[in-house]
Amino acid sequence: LPPSDADIGAELHGWARDLFPICRSLTGPGVRETLAYIKNILPDLQIHSVPTGTKAFDWTVPDEWTIRDAYIADEAGNRVVDFRKNNLHVVGYSEPVDRTLDLSELQGYLNSLPEKPDAIPYVFSYYKRRWGFCLSENHRKALKPGRYRAVIDSDLKPGVMNYADLVLPGRSEREVLLSTYICHPSMANNELSGPVITAALARMLSGMKRRFTYRIVFIPETLGSIVYLSRHLEEMKRKTIAGFVVTCAGDERAYSFLPSRLGNTFADRLARRVLRKNVKYTEYPFTENGSDERQYCSPLVNLPVVSIMRSKYDTYPEYHTSFDNLDLVTAGGLQGAFEIYRRCIAALESAKVYRAVVACEPQLGKRGLYPSLSTADTFAAVKNMMGVLAYADGAHDVADIADILETSVEECAAIAGKLAAAGLLEEVA
Amino acid sequence: LPPSDADIGAELHGWARDLFPICRSLTGPGVRETLAYIKNILPDLQIHSVPTGTKAFDWTVPDEWTIRDAYIADEAGNRVVDFRKNNLHVVGYSEPVDRTLDLSELQGYLNSLPEKPDAIPYVFSYYKRRWGFCLSENHRKALKPGRYRAVIDSDLKPGVMNYADLVLPGRSEREVLLSTYICHPSMANNELSGPVITAALARMLSGMKRRFTYRIVFIPETLGSIVYLSRHLEEMKRKTIAGFVVTCAGDERAYSFLPSRLGNTFADRLARRVLRKNVKYTEYPFTENGSDERQYCSPLVNLPVVSIMRSKYDTYPEYHTSFDNLDLVTAGGLQGAFEIYRRCIAALESAKVYRAVVACEPQLGKRGLYPSLSTADTFAAVKNMMGVLAYADGAHDVADIADILETSVEECAAIAGKLAAAGLLEEVA
Amino acid sequence: LPPSDADIGAELHGWARDLFPICRSLTGPGVRETLAYIKNILPDLQIHSVPTGTKAFDWTVPDEWTIRDAYIADEAGNRVVDFRKNNLHVVGYSEPVDRTLDLSELQGYLNSLPEKPDAIPYVFSYYKRRWGFCLSENHRKALKPGRYRAVIDSDLKPGVMNYADLVLPGRSEREVLLSTYICHPSMANNELSGPVITAALARMLSGMKRRFTYRIVFIPETLGSIVYLSRHLEEMKRKTIAGFVVTCAGDERAYSFLPSRLGNTFADRLARRVLRKNVKYTEYPFTENGSDERQYCSPLVNLPVVSIMRSKYDTYPEYHTSFDNLDLVTAGGLQGAFEIYRRCIAALESAKVYRAVVACEPQLGKRGLYPSLSTADTFAAVKNMMGVLAYADGAHDVADIADILETSVEECAAIAGKLAAAGLLEEVA
C-alpha cells in the first residue's frame with residue numbers, strides 16, 4: 001500500500017473544480033461528461049449504457065433528460081434567472097417550456113427556501129413530468145410584478161442511463177465494494193467529494209498488489225444501484241466482504257459513520273476501528289441512511305456496506321443548496337476523508353491471520369529479537385511482540401490484535417511479518 | 001384492539017369497592033363470592049373446586065376455612081376488637097375459639113406493628129392450626145388490664161379450594177397467560193387491583209378478534225398456581241409465549257417491573273419496551289419476586305412470565321396492613337396500570353413479522369407512496385416507511401422495528417399493513 | 001475448608017525472612033536451598049532436576065550458575081561493592097572474572113538507575129555470557145577515580161535446572177493449578193510473596209478433603225514453566241479447570257487482577273467474583289502480563305490461568321530493585337493475599353450444581369423450613385432459600401447463584417446442602 005500522500009487533497013480539489021460546472025442528473029450528457037473525465041484518471045473504467053424502459057426489480061429506467069438552456073426573462077428581455085449562471089436554477093428533469101406569464105402565475109413554478117434566504121435549493125422530479133425553477137428567497141422577493149418569459153430548452157425522450165464500474169482483481173476472489181454517485185448538478189460535498197475520492201482510491205488500488213478484489217462503481221444514486229444490483233446481485237452476495245458508499249466526504253467539520261443495516265459486520269468493525277484510532281466521529285443509526293446503502297443493505301440484498309463521511313447528508317445547513325460548493329469542500333476536507341478510506345483499505349489488506357507453530361513462547365533471544373540483558377525495562381521494549389505472539393492463535397486477525405494491544409494495524413502487521421519470517425508464526429488465511 | 005378508555009379507572013375502582021369488604025382467604029366462601037362477582041363481568045368464566053386432600057406436586061390442599069364472626073369483648077360485653085369492622089382483625093385460618101382470659105394472657109394471641117402504630121397488620125397461618133387477632137399498636141396499648149372474651153366463629157374442615165379460568169381462543173394456539181390472585185381479605189393494592197384489572201382485560205379481549213389465545217387465571221396465591229400448574233403444565237409449557245402476574249397495580253406512586261427468572265424472554269423484552277415507551281419505571285431483579293411468578297418461573301416449570309406493577313409488594317409502607325385500602329388505590333392508579341397492560345396486549349397482537357418480496361427498495365412513487373418532487377425534506381417525510389422496508393426481513397417483528405425506528409408499534413404496524421396491501425411486503429407469521 | 005487464620009500473615013513473613021538472603025537465579029544452589037526449605041513445609045513436595053542441554057519446545061536448558069562471592073575492591077583492598085552485603089550487586093548469571101581496571105573502564109560493567117538514585121537494580125543475562133555489577137546511582141557517583149579490582153567467583157557449567165511440584169488428588173480428576181516462581185535473588189514482593197503464599201495454600205490443601213485435584217508448581221520463571229509444560233501439556237490441557245500464577249502478593253497498597261488471555265474462563269469469573277466481593281482491585285488487560293501466564297496462556301497451550309496480585313509487577317516503584325524488600329512486604333499484605341486465594345479455593349470447592357426434583361416450589365413449611373405464621377416479614381426471612389430454589393436448575397452453580405442473590409457462596413452452599421438433605425434438590429456435578 002502506498003504511503004499517505006500529503007498533496008492528494010489539493011489534487012482532488014482540482015478535479016472537483018473541473019467537474020463542478022457540469023449539469024449532472026439521473027441521466028443525460030452531464031453524466032457521460034463526468035464519467036469521461038473519470039475515465040481519464042482510470043483508463044480501465046468501463047462505461048455502461050442502460051436503455052430507457054429497462055426493468056430492474058421494481059423499477060424502470062425513465063426517459064433521458066437533456067438540458068441545454070433555461071432562463072426567466074423580464075419584459076425587457078433581461079435574464080433575471082439564468083441556468084448558465086447556476087445549473088441549480090432549473091428543477092431537475094424539467095420538461096421543455098416556453099411560456100410568458102404574470103409573476104403571480106410564475107410563482108407556482110418557483111422553489112425557494114424562506115429559512116435560508118440566500119440559498120438556491122436543489123429540486124428534481126424524475127418520475128413525474130413538471131417544469132420549474134429554483135432561486136434564493138431574496139432573489140424571488142426582488143422579482144417585480146409584471147410578465148415574465150420562462151424558457152427551458154430540454155428534451156425528455158428515450159435514451160440511456162449511464163454508469164461505470166471497474167473491477168480490480170486481487171489474489172482473493174473476495175471483493176471490497178466502493179460505490180459513489182454521479183447524478184447531482186453543481187454541488188460539492190453531497191456529490192463531487194464522492195467521485196473524486198473514489199477515483200483517487202481506485203487509482204491507488206490500480207497501482208498496487210491487492211489481496212482482495214475491488215469493485216468500484218460510479219452510478220446515479222438509487223436507480224443506479226438498483227440497476228447495478230439487478231445485474232450483479234448473486235455475484236456480489238457471494239463475494240462481498242465489505243463495502244463503502246463514498247459520499248459527503250469533503251468538508252472539514254466532522255467525521256460521520258453510518259453502519260450497515262444490522263451494524264455488526266466485518267465492515268462495521270473495521271470501519272469503526274479505523275475511525276476510532278484516527279479521528280473523532282459521530283456514529284448515526286442505520287435509520288438515518290439516505291444514499292445507496294438503502295439498496296445495498298435492503299433485506300433481500302443485505303450486503304455488508306457502510307458509509308464513512310465528513311458532514312453527513314441532511315445534517316449540515318448547506319445540504320441540497322447552492323451553498324454546498326467548493327468553499328465548503330476543501331483540499332483539507334478531501335484529504336482527511338481520503339486518508340480514512342486509505343487506512344480502511346490498509347486495514348483490509350493487512351487483516352492477516354497467523355497461528356503459532358510452537359507451544360509456549362519461542363526463545364526470541366537466540367534470534368536477536370529479545371534483549372540479552374534483562375532489566376526492569378526489558379519487557380516494555382518487546383511488549384507488542386509478545387502481544388502478537390499471545391494472540392496469534394488462528395482466531396484473531398492482525399487488526400483484532402492491534403485492537404487488543406491498542407496499537408496500529410501497521411505495527412502488528414510488521415511484527416507478525418517478522419515473526420513469520422523467523423518461522424515462529426504461520427499465515428492461516 | 002379497542003382504543004384506550006379514559007373512564008375505565010373509575011369503573012375498576014367501583015368493582016374494587018364492591019369486592020373490598022369480602023373476607024377472602026386461601027379457601028372458603030369469600031373466594032366463591034369474589035369469583036361469582038367476576039363471573040358477572042365475564043360470563044364464560046369457569047369456576048373450579050379442588051377437594052381438600054388433593055395432591056399437587058409437593059403440596060396438599062388443606063381444609064376449607066369458613067369465618068362467620070370474631071371479636072374480643074371486655075368485661076362489660078363491649079366488642080373492643082371486631083371482625084365486622086375490619087376483617088384483618090382475625091388471623092387468617094384461625095381455628096374456632098371462645099375463651100375468656102386476662103389481658104396478659106390474651107397478648108400472646110395479638111399481633112400488631114410497633115413501627116406502624118395505627119395500622120392493623122395482615123397475618124395468616126394456613127398450614128399450622130392457630131387462632132389470633134390483629135390490631136393496631138395504639139389500639140393494643142389502649143386495652144385496659146382485665147379479663148376479655150375472645151370469640152372466633154369459624155370452621156376448618158374438609159371442603160374445597162376454588163379458582164377460576166377462562167381460555168379465549170385466538171387464530172394461533174400460542175397462548176398469553178394473565179394470572180392474578182383472589183385470596184387476600186380487605187386490601188386494595190396487594191389484592192383487588194389484580195383481579196379488577198385482569199377482569200377488565202379479559203372483558204376487552206373477549207370482545208375483540210385475537211391473534212393469540214389468552215389463558216386468564218384467578219387463583220389463590222401460591223397453592224392456587226401450584227394446583228393450576230399441576231393440571232396444565234405440559235400444555236402451558238408447549239403453548240405459552242408470554243405471561244403476566246397482575247398484582248399491586250392500583251396506586252399512583254410508581255411503575256415497577258419484575259422480569260422472568262432468566263430475564264430475557266420475549267415477554268421480558270416486550271414488557272420493557274412498553275414500559276420504556278410510556279412511563280418511568282423501576283426494574284427489580286427476579287430475586288425480589290414474591291407472587292405466583294415463583295411457581296410459573298420455578299426451574300422445572302420455567303415459563304416466560306413477568307409482572308408489571310405500580311408500587312411493588314414489599315416496597316411500600318402500607319403493604320400487608322389495613323392502610324392498603326381504597327384511598328391508596330385510586331381510579332387513576334388502576335387506569336394507568338390497565339393502560340400499560342392494554343398496550344402490552346396491543347404490542348403482542350401487532351407483533352407481526354413481514355418480509356420484502358422484491359430486492360432493493362420498491363418504487364414507492366409510482367404507487368403514490370413517495371413525493372414526486374424531491375427536495376431536502378423529502379426523505380424525512382417517508383423516513384419511517386423506508387425504515388419499515390429496511391427491517392422487514394422476516395427476522396424483526398413490527399415491535400422490533402418500532403424499537404429500531406424509535407417510533408410507536410402502532411405506526412409501524414400501520415405502515416407495514418399499507419405496504420403489505422400494496423403487495424410490497426408479505427406477512428411471515 | 002479450614003477457616004481464615006488470623007496469624008498466617010506473620011508466619012508467612014517469617015518464612016520470607018528466612019528465604020530472603022538466599023541468592024536464587026534460573027539455576028544453581030540457591031534454587032535448591034529454597035526448594036529444600038519449602039519441602040520442610042510440604043514433605044511430599046517432589047524436587048526435579050533437568051540437565052543442561054535439555055530441549056523444551058523452542059528452548060534449551062542452559063549451563064548451571066553457581067555464585068560464591070563477588071566484589072569490587074579499591075586500591076587499598078576495601079570492598080566498595082560487596083555481594084555479601086546484597087546479592088543484587090552481581091548481575092545474574094555473571095561469568096567468573098578477576099580484573100583490575102580504571103574506574104572509567106569499570107563503568108561499562110556497572111548498572112544503576114539515575115531516576116531511582118538510592119536503589120540497586122536487579123539485572124541478569126541468562127542467555128548471553130557477560131559479567132557486571134549493580135549498585136545505586138548515588139553509590140556509583142561516590143566512586144573515586146582510580147583503579148579497582150572486580151572479582152566474581154562463579155561457575156557456569158553443565159548442571160541442572162531444578163523445580164518442584166506436588167499433586168494433591170481430589171475426588172475429581174479435574175485439576176486446579178497453583179504456580180509460583182523461585183528464581184529471583186533478594187526481593188520480596190516480586191519473588192518471596194509467591195512461594196510462601198503458595199506453600200501455605202498447599203499445606204492447607206494437604207490437610208483437607210478436596211473436591212478437585214491440585215497441581216502445585218514451584219519453578220524458575222519462564223524457562224521453568226516451559227519445561228514443566230513440555231512434560232505435562234496434554235494432561236494439563238485435559239484436566240485443568242482453573243489456574244493461578246501466584247506472584248507479587250505481599251505488599252499492602254493494592255489488589256490486582258490479570259485475567260487469562262481470552263478473559264472469560266471459569267477461572268476468570270470465579271476470581272473476579274471473589275475479588276469483587278472482598279476487596280477493591282484493579283483489573284489489568286492480559287496484555288499487561290509478565291509472568292508464567294505468558295506460557296500457560298500461550299495460543300497452543302491456552303490454559304484458564306489468571307493471576308491475583310497485590311501491587312502488580314511493573315507498576316510499583318520498588319519493582320526489580322533492592323527496595324522490593326521485607327519492609328515493603330508485610331505480614332498484613334501477605335495475609336490479605338493468602339485470604340483471597342483461600343476464598344478462591346473455597347469458591348472452587350463449593351461450586352456445586354444442583355437441580356430441583358419437584359415442579360414448583362416445594363412446601364417448605366411442612367419440613368420446618370418456612371415460618372408457619374405469615375406476616376409482612378415472612379418472605380424476607382427465607383428469601384435466599386427461595387432464591388436458591390429458583391436458580392437450582394442444573395445450569396447455575398452455587399457460586400453463580402450467590403452472585404445472583406448478592407450473598408456469599410458459603411451461605412448458598414449451606415442452603416443448598418440443607419435443601420439437598422431434605423430431598424428437595426439433587427446434586428448434578
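The model is predicted, so local features need pLDDT of at least 70 and side-chain atom pairs count only at pLDDT 80 or more, whereas totals for chains, interfaces and linings use all residues. Residues are numbered from 1 along each chain as its sequence is written, chains are lettered from A and ligands numbered from 1 in the order in which they are written, and side-chain values use heavy atoms, with hydrogens and water left out.

Copies were superposed by least squares on the C-alpha atoms of residues with pLDDT of at least 70 in both. For chains B and C, a turn of 120 degrees and a shift of 0.2 Å along the axis give an RMSD of 0.1 Å. N264(B) has the C-alpha nearest the axis in chain B, 12 Å from it.

Helices (H or I, at least four residues) and strands (E, at least two) are DSSP runs, numbered from the N terminus. Two strands count as paired if DSSP finds at least two bridges between them. In chain B, four strands form an open antiparallel sheet in the order β5-β4-β9-β6. Strands β5 (79–82) and β6 (97–102) of chain B each have a single partner strand, so one side of each is left without a neighbour in the sheet. From one strand to the next, the twist averages 20 degrees; axes are lines fitted to C-alpha atoms, for helices over the stretch in contact, and angles run from 0 to 180 degrees between N-to-C directions. Six bridges connect β6(B) with the antiparallel strand β9 (residues 147–157) of chain B. Within β9(B), R147(B) stands opposite D102(B).

An open sheet in chain A has eight strands and mixed pairing, in the order β1-β10-β12-β11-β13-β16-β14-β15. Its edge strands, β1 (46–51) and β15 (282–283) of chain A, each pair on one side only. Strands β11 (residues 175–181) and β12 (residues 213–219) of chain A run parallel and share seven bridges. T213(A) in β12(A) is the bridge partner of E175(A).

Rings of Phe, Tyr and Trp (its six-membered ring) pair if their centres lie within 6.5 Å; planes under 30 degrees apart count as stacked, over 60 as edge-to-face and the rest as tilted. Over all chains, 39 aromatic pairs were found. F244(B) and Y341(B) have ring centres 5.7 Å apart and planes at 85 degrees, so the pair is edge-to-face. F244(B) lies in strand β13 (residues 240–245) of chain B and Y341(B) in helix α9 (residues 331–349) of chain B, so the pair ties together parts 97 residues apart in sequence. Buried means under 20% relative accessible area, exposed over 50%, and partly exposed in between (1.4 Å probe, protein chains only). F244(B) is buried at 1%. Y341(B) is also buried, at 2%.

A further edge-to-face pair joins F257(C) and Y281(C), with ring centres 6.5 Å apart and planes at 80 degrees. F257(C) belongs to strand β14 (residues 256–258) of chain C, and Y281(C) to the loop between α7 (266–278) and β15 (282–283) of chain C, 24 residues apart. F257(C) is buried, at 0% relative accessible area, whereas Y281(C) is partly exposed, at 24%. In chain A, one aromatic cluster includes W59(A), W65(A) and Y93(A).

A charge sits over a ring if NZ of Lys or CZ of Arg is within 6 Å of the ring centre and within 35 degrees of the ring normal. R310(C) places its charged end over Y255(C), 3.9 Å from the ring centre. K312(C) lies over the face of Y284(C), at 5.1 Å from the ring centre.

Helix α7 (residues 266–278) of chain B has 13 residues and spans 18 Å from first to last C-alpha, close to the 18 Å expected at 1.5 Å a residue. The expected span is 1.5 Å times one less than the number of residues. Buried residues of α7(B) include A267(B), L270(B) and R273(B).

Most residues other than glycine have a negative phi. C360(A), not a glycine, has a positive phi near 65 degrees. C360(A) is in the loop between β17 (353–356) and α10 (378–381) of chain A and is buried, at 4%. E406(B), also not a glycine, has a positive phi of about 55 degrees. E406(B) lies in the loop between α12 (398–405) and α13 (409–421) of chain B and is exposed, at 71%.
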